[in-house]
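Thanks for coming. I will take a few minutes to walk through one structure for those who have not seen it before.

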Amino acid sequence: MAVRPVLKMGEPLLRQVAAPVQRFDADLTALVADMNDTMRALTGAGLAAAQIGVSLRVVIFEVTSNPRYPDVAPIPYTVLVNPELTPIGDEQEEGWEGCLSVPGLRGLVPRFRKIRYRGCDIAGTAIDRTVEGFHARVVQHEVDHLDGILYPERMLDLRNFGFEDALRDQVRPMPD
Ligand code: NI
């Protein structure tokens, strides 16, 4: 287990469409352990395997209750392998996002308000959840990484993009 360097926007690997996981083996366990260590070391809300240089369809996410983010409901720690995502309804809402691959910046991004996501955990057991709000946003952000998409590409207006310290109170605090 190790904290690994996080690739930053501009690295070609972040643009790739990641390959499905075929084997639920010790390599996958080791990959997820490194992802977990890295996400926690950087206090991120989520991480995709590509961000530590492995182009496989694996994401992890977790939001614990945190006084820094009083508006954000907790999300249980989840390892999601080979995810599929389906919007529920057409409703979208804008919210501020950050990304460990785009350090220091925040942007206002539209996402589906409610989604269903399916996939499996590290043991291959099925996961099937219907979620909304920030949980839905985090999953959409992480699954985008698997298709080589970073959040600035989803933004509608680049005026709502800036450095966190410069935006200050214009941005509701959000985890990365
Ligand atoms: Ni990200």
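**Aromatic pairs, strands and a nickel site**

Let me start at tyrosine 151, which has a relative accessible area of 1% and is therefore buried. Please keep in mind throughout that this is a predicted model.

Tyrosine 151 has an aromatic partner, phenylalanine 161. Their ring centres are 6.1 Å apart, the planes make an angle of 85°, and the pair is edge-to-face. Tyrosine 151 sits in the loop between α2 and β8, while phenylalanine 161 is in strand β8 itself, residues 161–163, so this pair links parts of the chain that are ten residues apart. Phenylalanine 161 has a relative accessibility of 26%, so it counts as partly exposed.

How many aromatic pairs does a search of the whole structure find? The search gives two. The other pair is phenylalanine 61 with tyrosine 117, whose centres are 6.0 Å apart and whose planes stand at 80°, so this pair is edge-to-face. Here the link spans 56 residues, from phenylalanine 61 in strand β2, residues 58–63, to tyrosine 117 in strand β6.

Next, the strands around tyrosine 117. Strand β6 covers residues 114–120 and pairs with strand β3, residues 75–87, in the antiparallel sense, through five bridges. In that pairing, tyrosine 117 of β6 stands opposite leucine 85. Strand β6 also pairs with β7, residues 126–132; these two run antiparallel and are joined by seven bridges.

Now to a residue within β3. Threonine 78 lies in that strand, and at 2% relative accessible area threonine 78 is buried. What does its side chain reach at 2.9 Å? It reaches the backbone oxygen of proline 76. The side chain of threonine 78 also makes a polar contact of 2.8 Å with the side chain of arginine 129. Leaving aside residues up to four places away in sequence, threonine 78 touches Val59, Ile60, Phe61, Ile127 and Arg129. Phe61 in that list is the ring already paired with tyrosine 117.

Asparagine 82 is not a glycine, yet its phi is positive, about 50°. With a relative accessible area of 24%, asparagine 82 is partly exposed. Threonine 43 is another residue other than glycine with a positive phi, near 45°. Threonine 43 is in the loop between α1 and β1, the latter being residues 46–48, and at 52% relative accessible area threonine 43 is exposed.

Threonine 29 is in α1, residues 26–41, and counts as partly exposed at 43% relative accessibility. The C-alpha atom of threonine 29 is 32 Å from that of proline 70, and the two residues are 41 apart along the chain. Separately, arginine 40 lies over the face of tyrosine 77, at 5.3 Å from the ring centre.

Last, the metal. Which protein residues are donors of the nickel ion? They are Cys99 through SG, His141 through NE2 and His145 through NE2, at 2.1 to 2.3 Å from the ion. Along the chain, the donors follow the spacing C-x41-H-x3-H. Cysteine 99 is in the loop between β4, residues 92–97, and β5, residues 105–112, whereas histidine 145 is in helix α2, residues 133–146; the pair therefore ties together parts that are 46 residues apart in sequence. Cysteine 99 has 2% relative accessibility, so it counts as buried. Histidine 145 is buried too, at 1%.

To recap, there are two aromatic pairs, β6 is paired with β3 and with β7, and the nickel ion has Cys99, His141 and His145 as its protein donors. That is the end of my part.

Conventions. Residues numbered from 1 in each chain as written. Predicted model: local features only at pLDDT ≥ 70, side-chain atom pairs only at ≥ 80, totals over all residues. Heavy atoms only, no water. Donors = N, O, S within 2.8 Å, 3.2 Å for Na, K, Ca; no water. Helix = DSSP H or I, 4+ residues; strand = E, 2+ residues; numbered from the N terminus. Buried < 20%, exposed > 50% of the residue type's maximum accessible area, 1.4 Å probe, protein only. Pairing = 2+ DSSP bridges. Polar contact = N/O pair within 3.5 Å; in protein donor to acceptor, adjacent residues only side chain to side chain. Contact = heavy atoms within 4.5 Å. Phe/Tyr/Trp six-rings, centres within 6.5 Å; stacked < 30°, edge-to-face > 60°. Lys NZ or Arg CZ within 6 Å of the ring centre and 35° of its normal.
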